Amino acid sequence: MTTPHHPRAGAEMTTAIYGVGAMGGAILEALTADGEGEVLAVEGAAERAESLRRQYADRAGVEVVDATTAASRADVHLVVVKPYSVAGLLAQLAPSLRPGSIVLCLALGVSLADLAEALPDGVAAIRGMPNTPARVGQGMTVLSPADDVTDEQLQQVRDLLAPTGETIVLPESQQGVATALSGSAPAYFYLVVEAMVDAGVARGLTRSDALALAGQAARGAGAMLVETGEEAALLRAAVTSPGGSTAAALARLEAHAVRHAFADAVDACTDRAS
Ligand SMILES: NC(=O)C1=CN([C@@H]2O[C@H](COP(=O)(O)OP(=O)(O)OC[C@H]3O[C@@H](n4cnc5c(N)ncnc54)[C@H](O)[C@@H]3O)[C@@H](O)[C@H]2O)C=CC1
Ligand SMILES: O=C(O)[C@@H]1CCC=N1
């Protein structure tokens, strides 16, 4: 089940974010949007760390620190480095992590078994898959806790992530397919909008007008899906007048095997992400 946004129950907790790139930066922005909460940002690239220091200079709760400092001070550790950097980072953190602290690893393909091997006893491990709309509070994070994670610890993490959007708990075996429908999925919609904008420009629209139209259609369609809870097929039918323009467009998309393309893409993503 997904959760609605909770108030910031985790405000008194200290959170560390390791890796403040596209995904970690999106989470950092969301967690600090209300000016509350203490976040320790750990960024391996010196230039990026310096720019974060400047960006967050006025935010009392945000500090850019080194990995060992964050490991000893934080209650919840969000690991958002590239998958190949996770093992090295966890080896660095492990000696300083406090018992009872929580490590949420958001890197593609890093399993709970990998985390159990890398983390000391008494540290709770959760595997997760976020997506970049977290940056504007519209993300989704798929959580798979290790067996020994308590309900309270899981709830702490869900409350912590509330400013980034929704959370959902799924078995680890579904992390791959969940990545295909969530973690990677914003890119599919951006690709569709990109193609629509190009086609609109070819038909004489300015690029900014084309983006305004296609972007708002994407936002409106997304909001309708989430707010009505109706099947996509029903909402699509309601747009499709008999003999009308939408039917003409959809027939072309079907002729280009768009459904097959998405099914194939979801398969490829699931295989890569499992
Ligand atoms: N970008 C996305 O849409 C999503 C990414 N993810 C996961 O998030 C992780 C990061 O991906 P991106 O943000 O796209 O990559 P990125 O390359 O934009 O960011 C990674 C950041 O980690 C920093 N870094 C590398 N080693 C470090 C270390 N030892 N300590 C601290 N910082 C270090 C890098 O300098 C960089 O700023 C990946 O594991 C990816 O699978 C998950 C879901 C969505
Ligand atoms: O493409 C990737 O590997 C990452 C994980 C999901 C989204 N971006």
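Which residues does the UniProt annotation "domain: Pyrroline-5-carboxylate reductase catalytic N-terminal" cover? According to that record, an unreviewed entry, the annotation covers residues 16-104. Keep in mind that the model shown here is predicted. Over residues 16-104, the chain is 44% helix and 20% strand. The end C-alpha atoms of this stretch are 10 Å apart.

Now look at the nonpolar core. In soluble globular proteins, nonpolar side chains tend to be buried together. Here the largest nonpolar core has 54 residues. Those with the most contacts inside it are I17, Y18, I27, A41, L78, V79 and L104. Helix 1 gives the largest share of this core, six residues. Take I17 as an example. Leaving aside its neighbours within four places in sequence, I17 is in contact with G24, I27, L28, V39, A41, V42, L78 and V80.

Next, find strand 6, residues 124-129. Is this strand largely enclosed or open? Six of its six residues are buried, so strand 6 is largely enclosed by the rest of the structure. Its residues point two ways. A124, I126 and G128 point one way, while A125, R127 and M129 point the other. Both sets are buried. Strand 6 also has a partner. Strand 5, residues 102-105, pairs with strand 6 in the parallel sense over four bridges. In this pairing, C105 stands opposite R127.

Turn to the ligands. There are 27 residues around ligand 1. G19, G21, G44, A107 and L108 come nearest. Two helices take part in this shell: helix 1 (22-32) and helix 4 (83-93) each supply at least two residues. By class, the shell has 16 nonpolar, eight polar and three charged residues.

Which residues lie around ligand 2? They are L108, T179, G183 and S184. This shell has one nonpolar, three polar and no charged residues. L108 is named for both ligands: it is among the residues that come nearest to ligand 1, and it is one of the residues around ligand 2.

Finally, visit a loop. Y56 sits between helix 2 (46-55) and strand 3 (62-64). Why does Y56 count as partly exposed? A residue is buried if 20 or more other C-beta atoms lie within 10 Å of its own, and exposed if 12 or fewer do. Y56 has 18 C-beta neighbours inside 10 Å, so it counts as partly exposed. Now compare Y56 with L89. They are 33 residues apart along the chain. Their C-alpha atoms are separated by 24 Å.

Conventions
Residues are numbered from 1 along each chain as its sequence is written. Chains are lettered from A and ligands numbered from 1 in the order in which they are written. This is a predicted model: local features need pLDDT of at least 70, side-chain atom pairs count only at pLDDT 80 or more; totals for chains, interfaces and linings use all residues. A residue is near a molecule or strand if its C-beta atom, placed from the backbone, lies within 6 Å of it. Ala, Val, Leu, Ile, Met, Phe, Trp, Tyr, Cys and Pro count as nonpolar, Asp, Glu, Lys and Arg as charged, and the others, Gly among them, as polar. UniProt positions are given in the numbering used here, feature names are shortened, and annotations may be inferred rather than shown by experiment. A nonpolar core is a set of buried Ala, Val, Leu, Ile, Met, Phe, Trp, Tyr and Cys residues joined through C-beta atoms within 7 Å. Two residues are in contact if their C-beta atoms, placed from the backbone, lie within 7 Å. Two strands pair if DSSP finds at least two bridges between them.
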